[in-house]
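Reader: Could you walk me through this structure? I'd like to start with the packing and then go on to the backbone.

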Amino acid sequence: MHQSKNHTADLVVIGAGPGGYTAAFLGADLGMDVTLIDPNPNPGGVCLYKGCIPSKTLLNAARLVHEADDAADMGITFSKPKIDIDRLRAWKDGVVEKLTDGLGRLVSQRKITYIRGNAAFTGNCSLQVVSQEGGSQELAFKHAIIATGSRPTELSGLGKDSRFMLDSSSALDLRDIPQQLLIVGGGYIGLELGTVYATLGSKVTVAEFTNGLLPGADRDLVRVLSKRLDSLFDTIALNTRAEDFKVQEDGVEVTLKGPEDVESHKLFNKVLIAVGRQPNSERLGLETAGIDIGSQGFIKVDSQCRTNLVNVFAIGDVAGEPMLAHKASHEGRVAVEVIAGKNAAFEPATIPAVVFTDPELAWTGLTEKQAREKRLDFQVSRFSWAASGRAVAIGRTDGMTKLIIDTNTQRILGVGIVGTNAGEMITESVLAIEMGANVTDLKLCIHPHPTLTETVQEAAEMFFGTATHMYRSKRKK
């Protein structure tokens, strides 16, 4: 759909990922004339097309394979799974298509003008939009929200067009299953994709530059995950650089430089670069409009997601860390509410993070490391899933729930969970922190039995030394 040159939209949203389409939908619901611009045929952005949804679809397939293996401990034995890579890819693509088509219908129902193309500012109230077909048009607006997201960070030393190189997007295309796969980066993207490929048959090597996987998470939680990944992956190399990529006929020979500069050389059929993401703030004409950009390419915004221009906002990955879809969605709602004249600001007490490996790892609020760096007076209360009836019943005792508690006020500062379905469990703790709950609140909140969520309650009871299913000797006075 196209607009005439003299038409001025109430709101233009550039980028139709979770933040962008959330903002556009809310704007339309509040009665605004909304135009949504994105290169894809329907809303969804990287998260839906090349990120969150396809990766979790494949991780679910991996989980099924692992559950079939684990069932042997219960006396139930399945034959070795036969993986039809073409059908698995088609299933993944079908999930994406179903969700993107649904978002397309919501665009039509809300009477939003959707333009498939790329936009650049030509002024503080105007855009030049180039369509996917090559045509262009001028678009005037009263307010604009930039939601252009981010892209995988490239690593120098390996040609971008190499047939042996993958990033977090191309890895989800699932074109083949390499016999030997090197993953450069031990963050959540590398570990999630490594889980998929290892389950499908690849021998996975992870090279992580720091001294531990998932650098942002607490070490006690990561240790639980690492124990399972050690058996799933071929090699986890910490304090290791991947360098000197040499393309061969059937792969890439990589030099791995480990501790004390000890080098090893190995041929990998594919190399997956998973060293982070960078904001899509180029080619938007930001300089033309006079919009300020930070040193790392993030657009500068205030607590209302407003740029230095009163009528232009930025949300999601392009506006700064953390680069999470749920953070972008909330920022999108804040920006639209501000445009609508409401007294809104993006000031969350906490933003949860989830790593969808097996087991999952989730945390919210302060980590133990952050609390220590802030020199807070705090205590840690842990509950091992080995003492959880539900965890024992499902054969997944490889888990732990921990609380970070302010010693003086007993308020919940942070919560970390590692174990199956940790991502589903963390929301209770988000609410607890947002509501200013203390450890007694969690202890007195009746949790259903037998469930994994009981471990939150019992972690709170552990703080007082009265957990029903775990004995802790009394401290001598």
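Predicted model: local features only at pLDDT ≥ 70, side-chain atom pairs only at ≥ 80, totals over all residues.

Reader: How far is V254 from R241, C-alpha to C-alpha?

Author: Their C-alpha atoms are separated by 10.0 Å, and the two residues are 13 residues apart along the chain.

Reader: Let's switch to aromatics. How many aromatic pairs do you get with rings of Phe, Tyr and Trp whose centres lie within 6.5 Å?

Author: With that cut-off on the ring centres, the count comes to 3 aromatic pairs. One of them is formed by Y21 and F25, whose ring centres are 5.5 Å apart and whose planes are at 40°, so this pair is tilted.

Reader: How are Y21 and F25 placed in helix α1?

Author: Helix α1 covers residues 18-29, and because Y21 and F25 are 4 residues apart in this helix, about one helical turn separates them. F25 counts as buried, at 7% relative accessibility.

Reader: What about F121 and F141, which type of pair is that?

Author: The pair of F121 and F141 is edge-to-face, because the planes of the rings are at 80°, with the centres 6.0 Å apart. F121 lies in strand β3 (residues 113-123) and F141 in strand β5 (residues 136-146), so the pair ties together parts that are 20 residues apart in sequence.

Reader: While we're on rings, what sits over the ring of F464?

Author: The charged end of K443 sits over the ring of F464, at 5.3 Å from the centre of that ring.

Reader: On to helix packing, then. At what angle do α3 and α5 cross?

Author: The axes of helix α3 (residues 52-70) and helix α5 (residues 188-200) cross at roughly 50° and come within 9 Å, which makes α3 oblique to α5. The crossing of α3 and α5 is left-handed.

Reader: Which residues in α3 and α5 meet?

Author: On the α3 side there are S55, K56, L58, L59, A62, V65 and H66, and in α5 they meet E192, T195, V196 and T199.

Reader: And how do α5 and α6 cross?

Author: The axes of α5 and helix α6, which covers residues 219-232, come within 10 Å and cross at roughly 35°, and the crossing of α5 and α6 is left-handed. The contact is made by L191, T195, A198 and T199 of α5 together with L225, L229 and L232 of α6.

Reader: Now the backbone. Which residues does a cis peptide bond join?

Author: A cis peptide bond joins E321 and P322, with omega about -5°, and P322 lies in the loop between β16 and α8 (325-339). A cis peptide bond also joins H449 and P450, where omega is about -5°, and P450 has its place in the loop between α13 (439-444) and α14 (454-463).

Reader: Which residues other than glycine have a positive phi?

Author: R375 has a positive phi of about 60° although it is not a glycine, and N421, also a residue other than glycine, has a positive phi near 65°.

Reader: Where is R375, and where is N421?

Author: R375 lies in the loop between α9 (368-373) and β19 (378-384), and at 78% relative accessibility R375 counts as exposed. N421 is found in the loop between β21 (412-419) and α11 (422-425), and at 38% relative accessibility N421 counts as partly exposed.

Reader: Last one: where is S295 found?

Author: S295 is found in the loop between α7 (286-289) and β16 (312-314), and S295 counts as exposed at 84% relative accessibility.

Note on methods:
Residues numbered from 1 in each chain as written. Heavy atoms only, no water. Phe/Tyr/Trp six-rings, centres within 6.5 Å; stacked < 30°, edge-to-face > 60°. Helix = DSSP H or I, 4+ residues; strand = E, 2+ residues; numbered from the N terminus. Buried < 20%, exposed > 50% of the residue type's maximum accessible area, 1.4 Å probe, protein only. Lys NZ or Arg CZ within 6 Å of the ring centre and 35° of its normal. Axes fitted to C-alpha atoms, helices over the stretch in contact; angles between N-to-C directions. Parallel < 35°, antiparallel > 145°, perpendicular 65-115°, else oblique. Left-handed = near helix turned anticlockwise from the far one by under 90°. Contact = heavy atoms within 4.5 Å.
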